[in-house]
Amino acid sequence: MNNNIIDIHGLKKSFDKGRVKALNGVDLQIKEGEFISIMGPSGSGKSTLLNMIGAFDRADEGTIKVAGIDLMTTKSLDQFRSQKIGFVFQLHNLIPNLSVLENVEIPMLRTKANNKEMDQRAMELLELMNFSNLQDMVKQNPTRLSGGERQRVAIARALVNHPSIILADEPTGALDSKTTQMILDLLKDIHEKENVTLVMVTHEPDVGAQADRTVYVMDGKVK
Amino acid sequence: MSFLSLIVKNPFRNRTRAVLAILGISIGIATIVALGMITDGLTSSTQTTLSNGTAEITVTAKGSNAFSATGGTLSESYATSLLNITGVNGTAGILRGITPAAGTVNGLEVNGINSSQTNLEGISITNGTNFVDGTNQVILGKSIAPILNKSVGSTISLFGKEFTVVGIYDSGNIVTDSLAFTSLTTLQNLTNAQGKLTIVAVKIDSNANATQIANAITNAYPTELDTTTATQQANLMDKSMSGINTASAAISVLAIVIGGIGIINVMIMSVFERTREIGVLKAVGWKSSDILIMILGESIILTLVAAVVGILLGYIGSEGLLAFFSSTGSVIKPVFSLDIVIRAFVIALVVGIIGGIYPAYRASRLPPTEALRYE
């Protein structure tokens, strides 16, 4: 039985009216529950590949199925992103005027969850993120937090809608080595406990080496 | 947190900008509210309520204006001779004079009339009694009395003589309510206009036609008399009102356009600043329509707050203008009504939608990848 949660064949994507070929026939299969890292030099197409998996953009050619959904043909990409994907960015991208708790709840706002359910789920995840002063922190704005704390809030936000896949684009790129390891441990912990598939783009070999498997992207192709 | 509370919270992230935007729009709304209150006040004041018994035709000397004529320009005999014209039911000779009075700029218009004929001017005493012919008694219109700071029992100097205010009246007409009435003979003696009148108010038979009778009067005295019917007076008022209303509408449109441009500017700035955030919202599964509703909602919230501020400013402003003009003798009373509040909110809503729709559409169309790359 095919248990690939991500199944990509001959995926192509170009920009600037075809002048820039970001992906040039990518073939990639990722099993459910796998933790893989995608590595490659700058401009190799690794972030574009991650964006295609996250349905942020549509590919020009090829096939891409994620969590059983054909991303080339499905119309409701927003619904797919809401239900299947959790995204962690290099720069946490938290909303500055909202509290930590509200930031975590943001993806749930346009679901059918009520306020109580949202608060419960957000608190449950924030507790998983090992904050020492959680009760004080949840009402604060993220601007008062350190880089590592902000990234942990961003991870909680990525998990809030029970996604099958976490896509992390250089999640430790802006952190020091100690915080990097703490975030990686957290991601690995969630990956194991929640059985989510973890796809992480990184250019740091030490970080990439901690995945179950590393995929190298070069000139828009998986090597 | 709910979607609505987020929409309410978002516009006030940058408080200075929000306050400036609200102030900008609220000045437009305040202008609309103040103009609306003043024009509504004017409309209600100028609606000539032709109560039963009020004269339908005003007769003046040839070439005189029925509104502004003063002094003894007509012989008193016309009040009697006009009764011979078919259809004329009654007449009242009126002498008008203007005397300086504290609280007025152009003086107080005093009308001399026989006390039994004040009903032809629509006068109804609301406080005190009517004056007695041949005495130095005077009655004041309800609008002018507070300006003159007079009430029943007060004394007032008219044409250099002491008069006693014996009554306050209401005629339902802004012009009449800003006058004083006294005995015809007293005024004629005071102004050296014995046997003279300014106008003759003509009451016609109930089944008669005012225009036909007015024509009959001018035909009978072609070189001596002019006539103005109540309908002509009302039409003249309507004409002036329609001019004021058009000017008011034009200023309102201008306020909407300026407010609209202001809100577009504020919302576009906000969308630019929050491009990455919009990218994140799309990345976590928000639909384009959610983004559109959020930005449009923020624009509407700003303008609705501006409407509240604008209504307050407009109310305070028009009351301030009233207070200022009261001291200079104006009798216009701004009318604050639910209709004005609704109008202000509808305009604010329209400005919010017009101003917010383009930035909201722009934000909703942002591709997530592009929005997330935005520096």
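How many salt bridges are there between chain B and chain A? In this predicted model, where local features need pLDDT of at least 70, side-chain atom pairs count only at pLDDT 80 or more, and totals for chains, interfaces and linings use all residues, the count is 2 salt bridges, each being a side-chain nitrogen of Lys or Arg within 4 Å of a carboxyl oxygen of Asp or Glu. Residues are numbered from 1 along each chain as its sequence is written, chains are lettered from A in the order in which they are written, and side-chain values use heavy atoms, with hydrogens and water left out.

One salt bridge joins Asp290(B) to Arg110(A), whose closest N and O atoms are 3.0 Å apart. On the side of chain B that touches chain A, at least two residues come from each of helix 1 (3-9), helix 8 (275-283) and helix 11 (368-373) of chain B, helices being DSSP runs of H or I with at least four residues. Helix 8 of chain B gives the most to this side, with 6 residues.

The contact (heavy atoms within 4.5 Å) draws 22 residues from chain A and 21 residues from chain B. Between them the two chains bury about 2200 Å², of which 61% lies on carbon and sulfur atoms; this is the accessible area (1.4 Å probe) lost on putting the two parts together, summed over both. Of the area that chain B buries against chain A, 30% is supplied by Met1(B), Val284(B) and Thr369(B), more than by any other three residues.
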